[in-house]
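Subject: Structure handover

Hello,

Here is the structure you were waiting for. Please open it next to this email, and my notes follow below.

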Amino acid sequence: STRVRSSAASDVYKRQGLSPVNDRIIEIGAVKMCGGKVTDSFSTFVNPQIPIPFNIESLTGISDSMVENAGTIEEILPDFLEFCKGAVMVAHNAGFDVGFIKEKTDSILGRKFECTVVDTVALSRALLPSLGKFTLDHVAKALGVPPFNHHRAVDDAEACADIFAALIDKLRARGINDLDAINEVEEFNVCLLYTSPSPRDMRRS
């Protein structure tokens, strides 16, 4: 069974484009949670070594000058993976963001990215079916998460962490304490877990 006993990492990665293969990461933000509270954070720009398109700069506020002295993804990725080691990975629209990390881990480090991944979009759809719109800011507002600086990595990560904590409380209220059990709830009709390499507990220690 997959449970989250001591920690969960909530992560957002800001891309230069939409393709994990052809585009590059320009910012990584993550927070680590324990007992429903943020206990650590990881935040850094990434030098993509090519100019940042205007539309991405407009969306994120990240310019070439902000990343020019940052490390490259080859330098930063190992530190980020170490930060996430042993934690359940939580992301909003996880297939997209985690897809970048998976591809870069494979192409740069020559190994597979393996961890349990929970998608808060899918979890929100399951637990808040009448919401209609499931963007990060919309779900955050519905769950009473404080306003945040949207489209900046660590701020989005903190919001995602707060969303996850609120949704976990809703699961506990339904008597669900095991993440693997979520995929078995027929009414949800979604797959919320990507992989399950090791048992972890959702209950707060």
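A salt bridge here is a side-chain nitrogen of Lys or Arg within 4 Å of a carboxyl oxygen of Asp or Glu. Asp-169 and Arg-172 meet that rule, with N and O 2.9 Å apart. Please keep in mind that this is a predicted model.

**Salt bridges**

The Asp-169 and Arg-172 pair sits in helix H7. The two residues are 3 apart in the helix, which means about one helical turn separates them. Asp-169 is partly exposed, at 37% relative accessible area. Arg-172 is partly exposed as well, at 23%.

How many salt bridges does the structure hold? The count is 3. One of them joins Glu-27 and Arg-152, with the closest N and O atoms 3.1 Å apart. This pair links distant parts of the chain, since its residues are 125 apart. Glu-27 belongs to strand E2 (residues 25-34). Arg-152 lies in the loop between helix H6 (136-142) and helix H7 (153-173). Glu-27 and Arg-152 are both buried.

Glu-103 and Lys-104 also form a salt bridge, at 3.5 Å from N to O. Both of these residues are buried.

Which side chain of opposite charge is nearest to Asp-119? It is Arg-125, 7.4 Å away. Asp-119 is buried and has no salt bridge. The residue lies in strand E5 (residues 117-119).

The side chain of Asp-119 does have backbone contacts. One of its polar atoms lies 2.9 Å from the backbone nitrogen of Asn-93. The Asp-119 side chain also reaches the backbone nitrogen of Ala-94, at 3.2 Å.

**Positive phi**

Most residues other than glycine have a negative phi. Asn-93 is not a glycine, yet its phi is positive, about 65°. Asn-93 lies in the loop between strand E4 (88-91) and helix H4 (94-109). Asn-93 counts as partly exposed, because its relative accessibility is 41%.

Gln-49 has a positive phi of about 65° too, and is not a glycine either. Its place is the loop between strand E3 (37-45) and helix H1 (54-60). Is Gln-49 buried or exposed? Gln-49 counts as exposed, at 55% relative accessibility.

**Overall layout**

The protein chain has 8 helices and 5 strands. From the N terminus, the order is β-β-β-α-α-α-β-α-β-α-α-α-α. The chain has 205 residues, and 50% of them count as buried.

**Strands E2 and E3**

E2 and E3 run antiparallel, joined by 8 bridges. Met-33 has Val-38 in E3 as its bridge partner. The hairpin of these strands has 2 residues between them. Gly-35 in this hairpin takes a positive phi near 60°.

Why is E2 described as largely enclosed by the rest of the structure? Because 9 of its 10 residues are buried.

**Strands E4 and E5**

E4 and E5 run parallel, with 3 bridges between them. Val-90 stands opposite Val-118 in E5. Between these strands the chain passes through H4, and the β-α-β crossover is right-handed.

**Cysteines**

How many disulfides does the structure hold? There are 0. For Cys-115, the closest cysteine sulfur is in Cys-84, 7.2 Å away. A disulfide needs two cysteine sulfurs within 2.5 Å, so the Cys-115 sulfur is too far from that of Cys-84 for a bond. Cys-115 counts as buried, at 10% relative accessibility. Cys-34 counts as partly exposed, at 30%.

Best regards

How values were computed. Residues are numbered from 1 along each chain as its sequence is written. This is a predicted model: local features need pLDDT of at least 70, side-chain atom pairs count only at pLDDT 80 or more; totals for chains, interfaces and linings use all residues. Side-chain values use heavy atoms; hydrogens and water are left out. Buried means under 20% relative accessible area, exposed over 50%, partly exposed in between (1.4 Å probe, protein chains only). Helices (H or I, at least four residues) and strands (E, at least two) are DSSP runs, numbered from the N terminus. Lys and Arg count as positive and Asp and Glu as negative; His and the chain ends are not counted. A polar contact is a pair of N or O atoms within 3.5 Å; within protein, one must be able to donate a hydrogen and the other to accept it, and residues adjacent in sequence count only if both atoms are side-chain atoms. Two strands pair if DSSP finds at least two bridges between them. A crossover is right-handed if, with the strands pointing away from the viewer, the path from the first strand over the helix to the second runs clockwise.
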